[in-house]
Amino acid sequence: MDSMFQINGPLWRFLSALFDMIVLHILWLICCIPIVTIGPATTAAHYVAMKKIVKDEGRNVWSLYFKSFRKNLKQGTILGVIFTAAGLLLVLDFYLCLYKLEEGNMFNLVMFSALGFLTIIYLVEMIYLWAVLARFDNTLKQTVMNAFFIAMSNLRDTSIMLASDILITIGAVVSMAFIPQLAVLFTIFGVPLLFVVNSLRLAPMLDRYVPNDRAEEE
């Protein structure tokens, strides 16, 4: 029982992880302020989530965060702009299908189904893209393709992460509207909560794709 309250005990590690998540949320918000830096900010958040919060490696959150942020600034910014534009385009297309096309139109139904499929592919890519960018050194094209390949190669984990992200997002929205006490938790941990939850599966999964010699260096 006493071991639970020791400096390296489970309670201490749990509280330390919660504190790291709060710091991560603050850093992510600050680095997202310029908007165009959402990509590298999210990449750095995944790096911290996998390395510090899940694996408990590294010195502190801010040093790991800005190490990854600087390293992936260029690629992360480019990918962030591209995929933000793609996400906005999907939203616009859904709006046009729902409110501008005629009801009962077969073309409308086909377009809506196609958009639903593309949205799932988009969300799956978002789950993996920033973690892959944070973990591996590749070109932009290779990063996007590797993220999709790893997602399709681990469909069970992909499905679980996608479902959990959707449930957490719904829980956050519902709590904001009806359960303000619970909404405080989502306000404190923010969007990076999704990154941490996903990293519980992403960290060991991506480790399998790292050569042994490089894994030892890291």
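Trainee: In which loop is aspartate 56 found?

Mentor: Good place to start! Keep in mind that this is a predicted model. Aspartate 56 sits in the loop between helix 2 and helix 3.

Trainee: What is the phi of aspartate 56?

Mentor: The general idea comes before the case. Most residues other than glycine have a negative phi. Aspartate 56 is not a glycine, yet its phi is positive, at about 55°. Another residue to look at is isoleucine 35, whose phi is near 70°, again a positive value in a residue other than glycine. You will find isoleucine 35 in the loop between helix 1 and helix 2.

Trainee: Are isoleucine 35 and aspartate 56 buried or exposed?

Mentor: Here you compare the relative accessible area with a cut-off: exposed means over 50%. Isoleucine 35 has 57%, so it counts as exposed. Aspartate 56 has 51%, so it is exposed too. For the chain as a whole, 40% of the 218 residues count as buried.

Trainee: How does tryptophan 62 count, at 45% relative accessibility?

Mentor: Tryptophan 62 belongs to helix 3. Because its relative accessibility is 45%, it counts as partly exposed.

Trainee: How many helices and strands does the chain have?

Mentor: There are 10 helices and 0 strands. Read from the N terminus, the order is α-α-α-α-α-α-α-α-α-α. For contacts with a separation of 6 or more, 70% join residues 24 or more positions apart.

Trainee: Why does the distance between the end C-alpha atoms of helix 1 agree with its number of residues?

Mentor: At 1.5 Å a residue, the 23 residues of helix 1 (residues 10-32) should span 33 Å, and the end C-alpha atoms are 32 Å apart, so the two agree. Now look at its buried residues, among them Ala17, Met21, Leu24 and Trp28. Their cover includes helix 2, helix 3, helix 8 and helix 9.

Trainee: Where does helix 9 bend?

Mentor: At serine 199, by about 45°. Helix 9 has 16 residues and reaches 21 Å from its first C-alpha to its last, close to the 22 Å expected. Serine 199 is itself one of the buried residues of helix 9, as are Asn198 and Leu202. The buried residues of this helix pack against helix 1, helix 2, helix 5, helix 6, helix 7 and helix 8.

Trainee: What is the volume of the largest pocket, and which residues lie nearest its centre?

Mentor: The general idea is a rolling probe. Rolling a probe the size of a water molecule over the atoms shows where empty space is left. In this model, the largest pocket has a volume of about 780 Å³. Its lining has 29 residues, and Leu123, Met126, Val191, Leu194 and Phe195 lie nearest the centre. Helix 1, helix 2, helix 4, helix 5, helix 7 and helix 9 each give two or more residues to that lining. Leu194 and Phe195 are also among the buried residues of helix 9.

Trainee: Which helix gives the most to the lining of the largest pocket?

Mentor: Helix 7, with 7 residues. By class, the lining has 18 nonpolar, 10 polar and 1 charged residues.

Notes. Residues are numbered from 1 along each chain as its sequence is written. This is a predicted model: local features need pLDDT of at least 70, side-chain atom pairs count only at pLDDT 80 or more; totals for chains, interfaces and linings use all residues. Side-chain values use heavy atoms; hydrogens and water are left out. Helices (H or I, at least four residues) and strands (E, at least two) are DSSP runs, numbered from the N terminus. The expected span of a helix is 1.5 Å times one less than its number of residues. Buried means under 20% relative accessible area, exposed over 50%, partly exposed in between (1.4 Å probe, protein chains only). Contact means heavy atoms within 4.5 Å. The bend at a residue is the angle between axes fitted to the seven residues ending there and the seven starting there. On a 1 Å grid over the protein atoms alone, a cavity is a set of points where a 1.4 Å probe fits but cannot get out, and a pocket is an open set with protein on both sides within 12 Å along at least five of seven lines; lining residues have an atom within 4 Å of a point. Grid points are joined across faces, edges and corners, and a volume is the space filled by probe spheres set on the points. Ala, Val, Leu, Ile, Met, Phe, Trp, Tyr, Cys and Pro count as nonpolar, Asp, Glu, Lys and Arg as charged, and the others, Gly among them, as polar.
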